[in-house]
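Me: I would like to learn how to read a sheet and its surroundings from a structure. Could you take me through one, step by step?

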Amino acid sequence: APAITLKDPLAAFLGAPADGMITYRYEDAVRLAGHSCPTVAGAWLMTIKALRALWPDGMPERGAVQVLMDDAQDEGVTGVMAGVAGLITGAAGPGGFKGLAGRFGRNDLQRFSANIGAELALRRLDDGQTAVASYHPELVPADPEMRDRLQRVLGGSRDPEDHARFAELWQERVKRILVDYADLPGLVRIEMR
């Protein structure tokens, strides 16, 4: 899966890492969410593609963007997506890091019910440029067998093969989204505003 390196002025200021350069990998998002799924994969791709669109000629800066979500925080998978975006960007809600002497604040950088017309957007704090990201996982359909296995597992199947095969097919789709089709036109659409 694609990774992303950002410069983080707060990290550099505090000396960990000393150069302020932090690389995030999909595995970090999986640890945060506690699982891997098409939603986590989509949030991952939308966030890194939006950051690259906001800094087309340079290194994205962690802590320098606001995360905007179209839906309410408790609606559907919005909270999961916001968590992944926050991990990468440093943007946090009211409980986030308040900063030092007016610098490096990360709190209040997530907004919900933002009416952006897409799943997520990132807005630069310095110039207001906004990258609006939409995600279309239907372009990478699941193996038809996965639905049958899921129904069996949810229906109470005690067959270890049902569980193992479902998990295998589930993660195979995630892999296809993140690796095989990450650059598929239309999977993640970025609109600059």
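Predicted model: local features only at pLDDT ≥ 70, side-chain atom pairs only at ≥ 80, totals over all residues.

Me: In what order do the five strands of the open sheet lie?

Reply: Strands are DSSP runs of E with at least two residues, helices are runs of H or I with at least four, and both are numbered from the N terminus; two strands pair if DSSP finds at least two bridges between them. Here the order is E4-E3-E5-E6-E7, with mixed pairing, and E4 (110-111) and E7 (188-192) are the edge strands, each pairing on one side only.

Me: How many bridges join E5 to E3, and how many join E5 to E6?

Reply: Strand E3 (residues 65-69) runs antiparallel to E5 and is joined to E5 by five bridges, with Gln66 and Arg123 as bridge partners. E5 also pairs with E6 (residues 130-135) in the antiparallel sense, over four bridges; Ala121 stands opposite Val132, and Leu122 opposite Ala131.

Me: Is Ala142 buried, exposed or partly exposed?

Reply: Buried means under 20% relative accessible area and exposed over 50%, with partly exposed in between (1.4 Å probe, protein chains only). Ala142, in the loop between E6 and helix H5 (144-154), has a relative accessible area of 28% and is therefore partly exposed, whereas four of the five residues of E5 (residues 120-124) are buried.

Terms used: Residues numbered from 1 in each chain as written. Heavy atoms only, no water.
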